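Subject: Structure handover

Hello,

Here is the structure I promised to pass on. Please look it over, then read my notes below.

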Amino acid sequence: MMWNIAVNELRRQLQMISILVVTFIVPLLLIFLLGSSLSGSGKFKVESRDPEPFKAGIVQQDQGVLAQAFAQFLTADDVRQWIEPIAYADREEVIHLIRDGKLGFGLIIPSTFSDDVLNGRQASWEMIMGNDYANNLAAKSVFGAYLDIVNTQQALALTAEHTGSSAAKNGIPPAAGTLMQGSAGEQQNEAAIVEVNPMQDQPNPTAMQYYSVSILVMYTLYTGMSLAISILADRQNYTFHRIMAAPVRPYSYMSGKLIGQSLIAVCQAIFMIALSHWLFGVDWGRDIGALVIVCLLLIVSSMALGSVIIAYVREEKSIKGLFQFLVITMTAISGGFFPISEVQATVGPFTLSHWAMQSMLRIMMNGGWSDTLHYVLPLAGIAGVLFLLAVWSFRKVVNYA
C-alpha cells in the first residue's frame, strides 16, 4: 500500500501542467536570467567603490634573504591601501579564520622560497581565497606585482652575471642587489619562475554556477511545501480519512507521501543539474557522489520541514506563507540572491541554505573532501535534527481528526 500511495502521489503531481512548469521550467529560466545578468566575463560584476583595506593572513615560513624584502614590500603605502597584513604561524588557523569571515585572504610562503628563487628552481606561493571576489582580485594583483618584481630581478641578475656587469649597472633596484647577495656562485643558467599556487578548494565560481546552486537549493526546499499541501488536500477532501479507515497503517500512508514527493525532488535535481550543464555549460565538478549526498540531505531536510509544519498548520495559505518566509529568508541570508560576504559570514551559518550552498560550491570547484566535509557535516546535523522533529510530530500528523 505504501508504494501505491507513492506512485499515486507521483502521478498526481506530474499530471498537473502548472506544477511541471514551476518545478522544472521556471528554475532553469531563473538560472539563465540571474546568471546572465549578474555575470561579467564569467565572473560576478564588481561595483565601483573606494578601496577599503581588508585583513590578509600571512604565514611566512621563509627565513631567507627574500623575507626581509617582502616585509618591506608590505609596508608600502600602495600595499596598505588595499591590504592589512597580519602574521600567523599556522596555515590551518588562517584557513579557519577565512571560513569564519574574519580574514579576507590568506597567503602561505614556504620555507624554501628564497632558496628556490636564488638557485633558479621553480618556486611557488599558496593563495587562499576569501569570500569576497573583489578582495581576492585585489590581493592577487598586489602579491602578483611583488612576484613580478622578484622574477624581473632574478632575470636581470642572471643577465648581469653572463655579461660580467654588476647588478647596479644593469638597473637592478637596491633591494634586488641585497636579495641576490651570496647567490652568484650558485645560480644556474635558467631564471627561477615564481608561480602562484592558489588553494584549489576555494576558487570563485562563475555567476551561472553560483545561481545554479542557489536555485537548486531553493526549489528543493520548496518540495517540502508540496508535501504539506498534498497532505492537507487529502484531509480536506476526506481521502485521508478513507485511507485511515482502511487496513492501512499510518506509517505506510506517511511513507508513501514522503517517497512520492522525494522522487519528485530527485527528478527535479537531476533535471536541473543535467539541463544547466547542457544548456548553460555549468560545471558541477567531478565528485558526483558527494553531490548526490548533499542533494539527498537537502531533500531529507525539506521533507522533514514539511512534515513538521503540516503537524501544526492547518490552512493552505498559512503553509504557503510560512514556507515562503522561511525559504526566501534563508536564501537571501545565505547569499542566494546576491552574494553579500558580511551577511553570509555572520548570519548565514545559522541557515540550512548556507550549508547546502557552500557544500555544493566546494564540490563544484573540485575542492578536497576534507574541506567539503566541513560544510556537509553541519548540513547533515541540521537534517538529523529536522528528521527527529518530524518523527516526534508524526503522531500529530496521522491522528488528525
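Helix H11 has 31 residues and reaches 44 Å from its first C-alpha to its last, close to the 45 Å expected at 1.5 Å a residue. That expected span is 1.5 Å times one less than the number of residues in the helix. Just after H11, Gly-281 takes a positive phi of about 70 degrees.

Before the rest, the ground rules. This is a predicted model, where local features need pLDDT of at least 70 and side-chain atom pairs count only at pLDDT 80 or more, while totals for chains, interfaces and linings use all residues. Residues are numbered from 1 along each chain as its sequence is written, and side-chain values use heavy atoms, with hydrogens and water left out.

Overall picture

The protein chain comes to 16 helices and seven strands. Both are DSSP runs numbered from the N terminus: helices are H or I with at least four residues, strands are E with at least two. Buried residues make up 47% of the 401 residues in the chain. Buried means under 20% relative accessible area, exposed over 50%, and partly exposed in between, with a 1.4 Å probe and protein chains only. Take contacts (heavy atoms within 4.5 Å) between residues at least 6 apart in sequence: 77% of them join residues at least 24 apart.

Lys-257

Lys-257 sits in H11. Is it buried or exposed? At 3% relative accessibility, Lys-257 counts as buried. Leaving out residues up to four places away in sequence, Lys-257 touches Ile-5, Glu-9, Arg-12, Leu-227, Ser-230, Ile-231 and Asp-234.

The second largest pocket

The second largest pocket has a volume of about 600 Å³. Of the 24 residues that line this pocket, the closest to its centre are Ile-19, Val-22, Met-225, Ser-226 and Ile-229. The elements giving two or more residues to the lining are helices H1 (2-14), H2 (17-37), H9 (207-236), H11 (250-280) and H13 (316-333). Which of them gives the largest share? H9 does, with nine residues. The lining divides into 12 nonpolar, nine polar and three charged residues.

On terms: a pocket is an open set of points on a 1 Å grid over the protein atoms alone, where a 1.4 Å probe fits, with protein on both sides within 12 Å along at least five of seven lines; lining residues have an atom within 4 Å of a point. The volume is the space filled by probe spheres set on the points. Asp, Glu, Lys and Arg count as charged; Ala, Val, Leu, Ile, Met, Phe, Trp, Tyr, Cys and Pro as nonpolar; the others, Gly among them, as polar.

Helix H15

H15 covers residues 352-364. Its 13 residues reach 18 Å from first C-alpha to last, close to the 18 Å expected. 13 of the 13 residues of H15 are buried, so the helix is largely enclosed by the rest of the structure. Thr-351 caps its N-terminal end: a side-chain oxygen lies 3.2 Å from the backbone nitrogen of His-354. Just after H15, Asn-366 takes a positive phi of about 55 degrees.

Two more residues

Glu-84 is in strand S4 (residues 83-88). Glu-84 is partly exposed, at 35% relative accessible area. Glu-84 touches Phe-54, Lys-55 and Ala-56, not counting residues up to four places away in sequence.

Asn-151 lies in helix H7 (residues 133-163). At 17% relative accessibility, Asn-151 counts as buried. Asn-151 and Val-117 are 34 residues apart in sequence and 8.4 Å apart in space, C-alpha to C-alpha.

Best wishes

How values were computed. Polar contact = N/O pair within 3.5 Å; in protein donor to acceptor, adjacent residues only side chain to side chain.
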